[in-house]
Amino acid sequence: MRILIIEDEKKVASLIRKGLEKENYMVDVTSNGADGLVKSHNLSYDSIILDLMLPGCDGLHILKTLRKGGIKTPVLILTAKGDVESRIEGLNHGADDYLVKPFAFGELLARVRALLRRSHKQQNPLISFDDFTLNPVSHEVKRAGAVIEMSAKEYSLLEFLVFNADRVLNRITLSEHVWKYDFDRGTNFIDVYINRLRNKIDKGYRKKFIYTVRGYGYMFKT
Ligand code: CA
């Protein structure tokens, strides 16, 4: 699950990012409203956490533009403006929830989870191919009905492969999405993680999902 944070208070943004990453979410942060407006139109986000007072372009304008364009990504407004009128205005313009600063991270997490649950219930609660299932909300992965335990990074890598099923992804793309930093091409940690996934997902089954495309990268083949 990928979450966009549009927030110009560096401390707040960093606190939310760290907290969400700990919970296995992939997080992008932007501190500028104009940049946020562009990024928010990327449909790969499952949820957006939106501050209202932003440099470049205010949060309410971002929200209005999204909804006018028919983009329904769940939006949680995060703001210091806690008065009833501001809340009503935000919700009237298509926000899904509203949280007033200062807030407890636990409450933010609970609200984000609720948003993701609601939106995925409407769309696509479970991704399944044959006897393989992945639940992007609970992060539960099963093969032939058995739950497969995995680490946060293993899950993120698998989820990214599954979201891009039947497309070949090279190591750089995988690394950028899952590890979020440029990596030394000499390292083979992607291969190490792919092997771990193979052992967990494919080992012992006739049908394999994880394929190596020689010279290119890897693919989750359905
Ligand atoms: Ca602000």
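Mentor: Buried means under 20% relative accessible area, exposed over 50%, partly exposed in between (1.4 Å probe, protein chains only).
Trainee: OK. What kind of model is this?
Mentor: A predicted one, where local features need pLDDT of at least 70, side-chain atom pairs count only at pLDDT 80 or more, and totals for chains, interfaces and linings use all residues. Residues are numbered from 1 along each chain as its sequence is written, and side-chain values use heavy atoms, leaving out hydrogens and water.
Trainee: Is Phe220 buried or exposed?
Mentor: Phe220 is buried, at 0% relative accessible area.
Trainee: Which aromatic cluster is Phe220 in?
Mentor: The one formed by Phe129, Phe132, Phe209 and Phe220.
Trainee: How many aromatic pairs does the structure hold?
Mentor: Four (ring centres within 6.5 Å; planes under 30 degrees apart are stacked, over 60 edge-to-face, the rest tilted; for Trp the six-membered ring is used). One of them is Phe132 with Phe209, tilted because the planes stand at 45°, with centres 5.5 Å apart.
Trainee: Where do those two sit in the chain?
Mentor: Phe132 is in strand S7 and Phe209 in the loop between helix H8 and strand S11, 77 residues apart. Helices (H or I, at least four residues) and strands (E, at least two) are DSSP runs, numbered from the N terminus. Phe132 is buried at 0%, and Phe209 is buried at 0%.
Trainee: How far apart are the ring centres of Phe132 and Phe220?
Mentor: 5.1 Å, and the planes of Phe132 and Phe220 are at 55°, so this pair is tilted. Phe220 lies in strand S12, so the pair ties together parts 88 residues apart in sequence.
Trainee: New topic. Which residues hold the protein donors of the calcium ion?
Mentor: Asp8 (OD), Asp51 (OD) and Met53 (O), at 2.2 to 2.3 Å from the ion. Donors are N, O and S atoms within 2.8 Å of the metal (3.2 Å for Na, K and Ca); water is not among the atoms, so sites may look incomplete.
Trainee: Is Asp51 buried or exposed?
Mentor: Asp51 is buried at 3% relative accessibility, whereas Met53 is exposed at 56%.
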